[in-house]
Amino acid sequence: MKQDIALAGVGGQGVVSLGLVLATCARAEGLQVKMAEVHGMAQRGGSVHATLRISDEPIHGALIPRGDADLVLATEPLEALRYADELAPGGRLLTAADPHENIPDYPNLEDLLERLHSIPGAVVIEARRLASEAGTAKAANVVMAGAVSALLPISVETFEAQIRRVFKAKGQRIVDTNLKAFHMGREAARCATV
């Protein structure tokens, strides 16, 4: 088993944190993990890119050659399109539909989503809407964690345990909200990939 994942988004969206959650869950299942991030994400609104490699065999490096990613996971549609060429043939693109309009000439969202939908195997998740329905728009990345969980060989129980651990200090209501957001994202991805 091997999964090479390219993560993309913009500063302030929690791209690296999302990768760390996935890495922690993979480690909890006894898998090997390597992760790297592109420096410069501290600038809010700037492009953030990270790579995460998961395998049941030793991994010798954290970087993924262009065109070899099994999955591009994006928290923002323009960044998803920017990194779509990192996909291997047959790879999957999973992105949030919610734009982060950080540049004055941000493309028309309808045209952008149409281009993303034209990529074979692309899944676009309305993360912000689902997170709001779960109880808070702040849980959009947890929605995306749920969505990607439907594509990874990591158990739901492991993801749930990680969510409980991360949000425990904020109280049971926040834990429950994030668990609900996780399952809504997972279900949205499962429905989109059937």
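**Exercise 1.** Determine how many bridges join β2 to strand β3, and state whether the two run parallel or antiparallel.

*Solution.* In this predicted model, strand β3 comprises residues 47-55. Step one: six bridges join β2 to β3. Step two: the two strands run antiparallel. Step three: within this pair, methionine 35 stands opposite leucine 52 of β3. As background, strands of a sheet pair through backbone hydrogen bonds, in either a parallel or an antiparallel manner.

**Exercise 2.** Give the order of the strands in the sheet and identify its edge strands.

*Solution.* Step one: six strands form an open sheet, and their order is β2-β3-β1-β4-β5-β6. The pairing in this sheet is mixed. Step two: the edge strands are β2 (32-37) and β6 (123-125), each of which pairs on one side only. Step three: on average, neighbouring strands of the sheet are turned by 15° against each other, with direction ignored.

**Exercise 3.** Name the strands that helix α7 lies across.

*Solution.* Helix α7 spans residues 172-193. This helix lies across β5 (87-96) and β6. Relative to β6, helix α7 runs at about 150°.

**Exercise 4.** Describe how helix α1 packs with helix α6.

*Solution.* Two packed helices are described by the angle between their axes and the distance between the axes. Step one: α1 (residues 15-28) and α6 (residues 156-167) pack at an angle of about 125°, and their axes are 9 Å apart. Step three: the crossing of α1 past α6 is right-handed. Step four: α1 contributes Val21, Leu22, Thr24, Cys25 and Ala28 to the contact, while α6 contributes Thr158, Phe159 and Gln162. Sorted by class, this contact of α1 with α6 has five nonpolar residues, three polar residues and no charged residues.

**Exercise 5.** Carry out the corresponding description for α1 and helix α5.

*Solution.* Step one: helix α5 covers residues 140-149, and the axes of α1 and α5 come within 10 Å and cross at roughly 40°. Step two: this angle makes α1 oblique to α5. Step three: α1 passes α5 in a right-handed crossing. Step four: on the α1 side, Val15, Leu18 and Leu22 take part, and they meet Asn141, Met144, Ala145 and Val148 of α5. By class, the contact of α1 with α5 has six nonpolar residues, one polar residue and no charged residues.

Note on methods
Residues numbered from 1 in each chain as written. Predicted model: local features only at pLDDT ≥ 70, side-chain atom pairs only at ≥ 80, totals over all residues. Heavy atoms only, no water. Pairing = 2+ DSSP bridges. Helix = DSSP H or I, 4+ residues; strand = E, 2+ residues; numbered from the N terminus. Axes fitted to C-alpha atoms, helices over the stretch in contact; angles between N-to-C directions. Contact = heavy atoms within 4.5 Å. Left-handed = near helix turned anticlockwise from the far one by under 90°. Nonpolar A, V, L, I, M, F, W, Y, C, P; charged D, E, K, R; others polar. Parallel < 35°, antiparallel > 145°, perpendicular 65-115°, else oblique.
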